[in-house]
Amino acid sequence: TLRVLTTLLVALSLTAGASARAADLLLLDDFQDGVADGWGATGEGSVSLSSYARNVSLRIERSASALRITPVAGSGGPAVSGPIAAAGLGRGDVCTIEASGDGGKSWLTVLRIARGDDDGLTLHRGAATLSQSSATAQILVRLRSASRGPDATCWFDDISVRGQLLANSSGG
């Protein structure tokens, strides 16, 4: 009975270790350091940092986006999460967090905020997991405002990617 219990405990600890490795935090950007390093901005609109009640967020206006590449590996797909707050969205305007595992050929919507959810204060949270093969080396995370109006603003914060680290990426 002791041998069975020991075997069970070893199996559980190995499973827990594998789960922890599969859920390594690969990216967490809360923008509190005052820089949006690693994010590339594109589009017609502004991408900047803004502060409200001592919290710094990435602010994207009109039809602009910010993109970040995150290296990943392993057989499980990485999970992307984060909140969005929005203000001034018109009909058809949206704020989105998206992820791509195929170099931007296709995008998975992690979270989408539209008119009616844009009170300028409420942080709406979302998460999604990409389905990927073990050959995947990176994912793209895109934060986007799609608007025709001049008043549409999206705020992004606490963007995270969880997955498996690339081999030898920890330096040791």
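I started with the largest pocket and found it lined by Ser50, Ser51, Tyr52, Asn55, Ser57, Ala85, Gly120, Leu121, Leu123, Trp155 and Asp157. This is a predicted model, where local features need pLDDT of at least 70 and side-chain atom pairs 80 or more, while totals for chains, interfaces and linings use all residues. Residues are numbered from 1 along each chain as its sequence is written, and side-chain values use heavy atoms, with hydrogens and water left out.

For my own reference, a pocket is an open set of points on a 1 Å grid over the protein atoms alone, where a 1.4 Å probe fits, with protein on both sides within 12 Å along at least five of seven lines; lining residues have an atom within 4 Å of a point.

I looked up its volume: about 240 Å³, meaning the space filled by probe spheres set on the points, which are joined across faces, edges and corners. Which strand gives the largest share of the lining? It's S3, with 3 residues. Strands (DSSP E runs of at least two residues) are numbered from the N terminus. S3 (47-52) and S4 (55-61) each supply at least two lining residues.

Next I checked serine 48, which sits in strand S3. Beyond neighbours within four places in sequence, serine 48 has contacts (heavy atoms within 4.5 Å) with Ser57, Leu58 and Arg59.

Methods: Helix = DSSP H or I, 4+ residues; strand = E, 2+ residues; numbered from the N terminus.
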